[in-house]
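User: Hi! I'm new to this one and would like a quick tour. Could you walk me through it?

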Amino acid sequence: MLKELVEQSKLRRVKAALEEHRIPAVIVKDQKELYDYLRTVIKKEMLVCRGGSVTLDELGLVDHFDEIPLINHNAAHLSTVEKEACRRKGLDADVYLMSSSAITMQGEIYNMDGTGNRLAALLYGPKQVYIIAGKNKIVEDLEQAKTRIKEISAVQNCKRLQTNTPCVKTGVCMDCKSSGRICCDEVIIHWQMRADRIHVILIDQDLGY
């Protein structure tokens with residue numbers, strides 16, 4: 001019980017910190033509450049795209065949300081050319097769904113990417129961006145965010161993607177020069193100029209890497 005209270009307090013503190021940085025945030029308990037919330041913001045006429053994300057996969061946000069199709073560049077049936085076309089559509093979406101590498105207790109959003117399509121969508125293009133993140137993505141500061149990439153998320157994603165990178169064998173980032181490297185570009189959201197564009201949905205669960 002004490003651990004749950006501490007974690008809930010942490011979620012509330014992160015929510016408050018994000019909102020101080022003009023980034024609207026909500027806290028949901030589970031998949032059902034997430035879906036209930038998304039139904040209030042996603043309409044059938046909208047073009048909805050999603051970035052690559054284990055978090056979204058675990059939550060069932062793969063190819064459809066209710067009856068609304070999600071443009072998913074990771075869909076198994078797509079060719080390389082079709083996947084690239086989907087990434088570009090994401091930049092003109094009404095709603096773009098993604099997760100985050102880490103969110104700090106100070107209200108900063110940290111993301112590392114390989115191709116950069118999620119970072120591009122986060123920065124500019126889609127009318128609304130919803131970052132969906134489990135409580136395991138919360139870190140103390142930007143230094144811990146970068147450590148989390150090197151020790152957890154990049155390593156686990158490289159294993160999942162079966163990249164030929166040293167971290168797959170060593171279990172820790174080697175700052176490699178491999179062609180399969182996925183930690184290529186980083187973006188930090190410190191503050192939101194347009195206060196209603198990027199939203200964060202914090203889930204009281206451990207999800208993704």
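Analyst: Happy to; we'll go through pockets, cores and a couple of backbone spots. Keep in mind that this is a predicted model.

User: Great. What volume does the largest pocket have?

Analyst: The largest pocket has a volume of about 780 Å³. It is lined by 35 residues, and those closest to its centre are Gly52, Asp113, Arg118, Arg160 and Leu161.

User: Which elements give two or more residues to that lining?

Analyst: Those are helix H3 (54-58), helix H4 (80-90), strand E7 (109-113), helix H5 (117-123) and H6. The largest share is from H6, with seven residues.

User: And how do the lining residues of the largest pocket divide into nonpolar, polar and charged?

Analyst: There are nine nonpolar, 16 polar and 10 charged residues in the lining of the largest pocket.

User: What about the second largest pocket, how much space lies in there?

Analyst: About 220 Å³. It has 13 lining residues, and Leu122, Leu123, Tyr124, Arg194 and Arg197 are the closest to its centre. The lining of this second largest pocket divides into eight nonpolar, two polar and three charged residues.

User: Switching topic: how many residues does the largest nonpolar core have?

Analyst: The largest nonpolar core has 28 residues, and the ones with the most contacts inside it are Leu18, Ile109, Leu122, Ile131, Ile198 and Val200. Elements giving two or more residues to this core include helix H1 (2-20), H5, strand E8 (128-134) and strand E11 (198-203). Leu122, then, turns up both here and close to the centre of the second largest pocket.

User: Pick one of those core residues. What is Ile131 in contact with, leaving aside its neighbours within four places in sequence?

Analyst: Ile131 is in contact with Met98, Ser99, Ser100, Ile109, Leu122, Ile198, His199, Val200 and Ile201.

User: Now the backbone. Where does Asp66 lie, and what is its phi?

Analyst: Asp66 is in the loop between strand E3 (64-65) and strand E4 (68-72). Its phi is positive, about 55°, although Asp66 is not a glycine.

Note on methods:
Residues are numbered from 1 along each chain as its sequence is written. This is a predicted model: local features need pLDDT of at least 70, side-chain atom pairs count only at pLDDT 80 or more; totals for chains, interfaces and linings use all residues. Side-chain values use heavy atoms; hydrogens and water are left out. Helices (H or I, at least four residues) and strands (E, at least two) are DSSP runs, numbered from the N terminus. On a 1 Å grid over the protein atoms alone, a cavity is a set of points where a 1.4 Å probe fits but cannot get out, and a pocket is an open set with protein on both sides within 12 Å along at least five of seven lines; lining residues have an atom within 4 Å of a point. Grid points are joined across faces, edges and corners, and a volume is the space filled by probe spheres set on the points. Ala, Val, Leu, Ile, Met, Phe, Trp, Tyr, Cys and Pro count as nonpolar, Asp, Glu, Lys and Arg as charged, and the others, Gly among them, as polar. A nonpolar core is a set of buried Ala, Val, Leu, Ile, Met, Phe, Trp, Tyr and Cys residues joined through side-chain atoms within 4.5 Å. Buried means under 20% relative accessible area, exposed over 50%, partly exposed in between (1.4 Å probe, protein chains only). Contact means heavy atoms within 4.5 Å.
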